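User: I have a model open and want to learn how to read its features one by one. Can we start with a helix and its ends?

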Amino acid sequence: MQGYNRNDVVNFLSKLTLRKSGNALKLVSSYYLSRLLGKPIVYGLPLSISIEPTTACNLSCPECPSGLKSFTRDTGSIKLDFFREAIDSMYKDLAYLIFYFQGEPFLHKGFLDMVRYASSKKIYTATSTNGHFLTDEKAKETVESGLDRLIISIDGATQEVYSQYRIGGNLEKVLEGAKNIVKWKKALGKKQPFVVFQLLVVRPNEHQINQVKALASEIGVDQVWCKTAQIYNYESDPNQLIPTSGKYSRYKQDGSGKTVPKNNISNHCWKMWHSNVITWDGKVVPCCFDKDAKHQLGELGGLTMKQIWNSNSYAKFRSDLMRSRKNIDICANCSEGLKVWS
């Protein structure tokens, strides 16, 4: 598994049951059967789910709807009772749970309670944070919660560069938070969470990739991931964020000099066969690119995930994707295959 270390892989596999493994086999086989037959066939239930703890955020990043407060959907935070009910209905088939969609998870007061609950159900748990709330006390609680992976966004190696994208952020606070996590892992004798520094590569910080790696090594972070940036107005790039290095860009110049996405969008998508996203208020959407929940496939509460997963609306979305994925708006900026592991 590229991008993961041995301990992380072993930890994930330790949480698999026969039922979860069988569910994964059903999903993989039905995905390839669908591609072979040219029509959607789904045998299993979601293996991986992203849940949105909150849409609130303390930063104002220029390409983030949460930071810009530009949602057209309602904003808010997930209720703990609703979360537990959702997990109770899905955990037997669910192997991987990501506590992130939009917003900063640690702003939800019950966030680590949710992590503990999911961990008690033998689900591999992960989250992505801007790292501003990892105080010594919170870091200890995070390590004790059973969280399996902690992705910390670090978009620069100096405050001057970092703050050009992470507007309102304090790099020193982020680095101190990472040190707190590493300290408590050692103090408590824990191998988890697997700690990642994730660098969203944009033009202002692309020259500091090696410096970020050096910081990670110095602190004891497990790995550095370089992520390509989604630019909404990529044709004009008003914030001048597209990197000059093609390796770290989702975009390229075509023959006429026009900026276009690099991804070659094929009429299939593994995500539609094994995962989805649940917003804070229970709406189920296809993937993390549907930030405004425009493609709602159902709503938990009135319906179960099984009912939504096998519904006519989900079947239609998969059919539309297999017929002409390029005509689905959220697919245009898809970063499939464009993550760079370090």
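Analyst: This is a predicted model. Just after α8, G189 adopts a positive phi of about 65°.

User: What caps the N-terminal end of α8?

Analyst: N170 does. One of its side-chain oxygens sits 3.0 Å from the backbone nitrogen of E172.

User: Which residues of α8 are buried, and what do they pack against?

Analyst: Buried here means under 20% relative accessible area. In α8 that covers L171, V174, L175, G177, A178, N180, I181, V182, W184 and K185. Their packing partners are α6 (136-145), β4 (149-153), α7 (159-165), β5 and α9 (209-219).

User: Which residues does a cis peptide bond join?

Analyst: Look at omega. The bond joins Q192 and P193, with omega about 5°. P193 is in the loop that runs between α8 (171-188) and β5 (194-201).

User: Now backbone phi. Which residue other than glycine has phi near 60°?

Analyst: K122 has that positive value. Its loop lies between α5 (111-120) and β3 (124-129). K122 has a relative accessible area of 41%.

User: What is the phi of Q240, and where does Q240 lie?

Analyst: Phi of Q240 is positive, about 55°, though the residue is not a glycine. Q240 belongs to the loop between β6 and β7 (251-253). At 43% relative accessibility, Q240 counts as partly exposed.

User: Let us move to a strand residue. Where is K227, and what does K227 touch?

Analyst: K227 is in strand β6 (residues 223-228). Setting aside residues up to four places away in sequence, K227 touches Q198, L199, L200, V201 and R250. K227 and V202 are 25 residues apart in sequence, yet 9.2 Å apart in space, C-alpha to C-alpha. K227 is partly exposed, at 32% relative accessible area.

User: How do I look for empty space inside?

Analyst: Rolling a probe the size of a water molecule over the atoms shows where empty space is left. In this model the count is two cavities of 30 Å³ or more.

User: How much space lies in the largest cavity, and which residues line it?

Analyst: The largest cavity holds about 70 Å³. Its lining is C269, K271, M272, C287, F289, F317, L321, R325, I330, C331 and C334. The elements giving two or more residues to this lining are α10 and α12 (312-324). By type, the lining of the largest cavity has nine nonpolar residues, no polar ones and two charged.

User: And which residues line the second largest cavity?

Analyst: F106, H108, K109, F111, L112 and K138. The space in the second largest cavity is about 30 Å³. Its lining splits into three nonpolar, one polar and two charged residues.

User: One last residue. Where is H268, and what does H268 touch?

Analyst: H268 is in the loop between β8 (259-261) and α10 (271-274). Leaving out residues up to four places away in sequence, H268 touches Y31, R35, L321 and R325. L321 and R325 also line the largest cavity. The side chains of H268 and R35 form a polar contact of 3.2 Å.

Note on methods: Residues numbered from 1 in each chain as written. Predicted model: local features only at pLDDT ≥ 70, side-chain atom pairs only at ≥ 80, totals over all residues. Heavy atoms only, no water. Helix = DSSP H or I, 4+ residues; strand = E, 2+ residues; numbered from the N terminus. Polar contact = N/O pair within 3.5 Å; in protein donor to acceptor, adjacent residues only side chain to side chain. Contact = heavy atoms within 4.5 Å. Buried < 20%, exposed > 50% of the residue type's maximum accessible area, 1.4 Å probe, protein only. 1 Å grid on protein atoms, 1.4 Å probe; cavity = no way out; pocket = protein on both sides within 12 Å on 5 of 7 lines; lining within 4 Å. Points joined across faces, edges and corners; volume = space filled by probe spheres on them. Nonpolar A, V, L, I, M, F, W, Y, C, P; charged D, E, K, R; others polar.
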